[in-house]
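Welcome! Please take a look at the sequence and the model below before reading on.

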Amino acid sequence: MFEGKKGMVNNTDDIGDDHIGTSAKTPLRADAFEISDQEKLDRIENSVRDILDTLGMDLEDDSIKGTPRRVAKAYVNEIFSGLNPKNRPKLSTFDNNYKYGEMLVEKNITVYSTCEHHLLPIVGRAHVAYISKGNVIGLSKMNRIVDYYAKRPQVQERLTMQVVQALQEALGTDDVACVIDAKHLCVNSRGVRDIVSSTVTSEFGGAFKIQETRREFLDYIKMETNFNEIK
């Protein structure tokens, strides 16, 4: 059950495949971290075992008997590790001593996430930019913040917003932008089974709301460099 926009209570069956959004915050319970990772591993292992058993799989078969534990470890330690604040990357910033005042763009950041509606993969690329107001951030930190927020059950709109908000906070400027282009396996492998389409989302803050600045950013991410030719 969930509370609709007008206060109506609806069944999940009524939602179907509708894309439901709530807020820019990941919907976590207040007690999300009151149990240890070890207990989470044990609980998820048991749950996956029940699912496979319900589907009729032979859990004594050598190929599959280790699957419940493997899935549990993947969920807690990798695929959904971004849910735990202890894994948030430290976003150290530095004074912009070289007075670089133009746009900095980190493009083609790999995105591996998981659709929170069907728990199927989201795979794509993120392009992130900012204009310094006195601070700069290490390039790898931009990749890491994308990866941190991607490693949780997600919707692409929220992921895009969370990346921008995290960098705005770290850099002390609203002048941050993010565009994500990704394929959703909940669309590609089930339902409509459209294997060609992808989804593009964007979030523009501060100066990037100005059409000229936004256009410059979009032009940068369209640039192609053949690194195979660099020797």
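## About the model

This is a predicted model, in which local features need pLDDT of at least 70 and side-chain atom pairs count only at pLDDT 80 or more, while totals for chains, interfaces and linings use all residues. Residues are numbered from 1 along each chain as its sequence is written, and side-chain values use heavy atoms, with hydrogens and water left out.

## Salt bridges

There are twelve salt bridges, each one a side-chain nitrogen of Lys or Arg within 4 Å of a carboxyl oxygen of Asp or Glu. One of them joins aspartate 42 to arginine 69, at 3.0 Å from N to O. Aspartate 42 sits in helix H2 and arginine 69 in helix H3, so this pair ties together parts 27 residues apart in sequence. Helices here are DSSP runs (H or I, at least four residues), numbered from the N terminus. Asp42 and Arg69 also belong to a salt-bridge network with Glu45 and Arg49.

Helix H2 also holds arginine 43 and glutamate 39, four residues apart, or about one turn of the helix. Their side chains form a salt bridge of 2.7 Å, N to O.

## A nonpolar surface patch

Ile51, Leu55 and Met57 make a nonpolar patch on the surface, with about 320 Å² of accessible area together. Patch residues have over 30% relative accessible area and no salt bridge, with nonpolar side chains joined within 5 Å and like charges within 9 Å; areas come from the Shrake-Rupley method with a 1.4 Å probe. Isoleucine 51 lies in helix H2, residues 37-54.

How values were computed. Helix = DSSP H or I, 4+ residues; strand = E, 2+ residues; numbered from the N terminus.
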